[in-house]
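Here is a request to look at a protein model and ask what stands behind each term used for it.

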Amino acid sequence: MQSAFTVGQLVRVRKMAGRLCEVVRILPVTEGGRHLYLIRSEQGAELIVTHHELRRA
């Protein structure tokens, strides 16, 4: 399965009340098949999230 989001894309994170973030890096898929992304908030905080926690901005 190919990654649904790309580096530089703006996304919203469900657990951050829909705050706008940018995809910084696409991380390796976990053994369980989950796609992981490193994202950065507008305030500069970075967080690793799964595909299911994101939605397009």
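The questions and answers below concern a predicted model.

Q: Why is Q9 called buried?
A: The cut-off for buried is under 20% relative accessible area. Q9 has 16% relative accessibility, so Q9 counts as buried. Q9 lies in the segment before β1.

Q: Which residues beyond its sequence neighbours does Q9 contact?
A: With neighbours within four places in sequence left out, Q9 is in contact with A4, C21, E22, V23 and R56. Contact here stands for heavy atoms within 4.5 Å.

Q: How do you know that β1 and β2 pair?
A: Two strands pair if at least two bridges are found between them. Strand β1 (residues 10–13) and strand β2 (residues 19–27) have four bridges, in the antiparallel sense, so they meet the condition. V11 has C21 in β2 as its bridge partner, and V13 stands opposite R19 in β2.

Q: What is found between the strands of the β1 and β2 hairpin?
A: Five residues lie between the strands, and A17 in this hairpin takes a positive phi near 55°.

Q: What makes β2 and β3 a pair?
A: The condition is again at least two bridges. β2 and strand β3 (residues 36–41) are joined over six bridges in the antiparallel sense, so they count as paired. I26 stands opposite Y37 in β3.

Q: What is the order of the strands in the sheet?
A: Five strands form an open sheet in the order β4-β3-β2-β1-β5, with antiparallel pairing. β4 and β5 (54–56) are the edge strands, as each pairs on one side only. Neighbouring strands of this sheet are turned by 50° against each other on average, direction ignored.

Q: Which residues make up the largest nonpolar core?
A: This core has 10 residues: F5, V11, V13, M16, C21, V23, Y37, I39, V49 and L54. β1, β2 and β3 each supply at least two residues of the core. To belong, a residue must be buried and joined to the set through side-chain atoms within 4.5 Å. M16 also touches C21, S41 and L47, not counting residues up to four places away in sequence.

Q: Why is the pair of F5 and Y37 called edge-to-face?
A: A search of the whole structure finds one aromatic pair. Its rings, those of F5 and Y37, have centres 5.5 Å apart and planes at 85°. Centres must lie within 6.5 Å for a pair, and planes over 60 degrees apart count as edge-to-face, so this pair is edge-to-face. F5 lies in the segment before β1 and Y37 in strand β3, so the pair ties together parts that are 32 residues apart in sequence. Both F5 and Y37 are buried.

Q: Which residues does I48 contact?
A: I48, found in strand β4 (residues 46–50), is in contact with L27, L36, Y37 and L38, leaving aside neighbours within four places in sequence.

Notes
Residues are numbered from 1 along each chain as its sequence is written. This is a predicted model: local features need pLDDT of at least 70, side-chain atom pairs count only at pLDDT 80 or more; totals for chains, interfaces and linings use all residues. Side-chain values use heavy atoms; hydrogens and water are left out. Buried means under 20% relative accessible area, exposed over 50%, partly exposed in between (1.4 Å probe, protein chains only). Axes are lines fitted to C-alpha atoms, for helices over the stretch in contact, and angles run from 0 to 180 degrees between N-to-C directions. Rings of Phe, Tyr and Trp (its six-membered ring) pair if their centres lie within 6.5 Å; planes under 30 degrees apart count as stacked, over 60 as edge-to-face and the rest as tilted.
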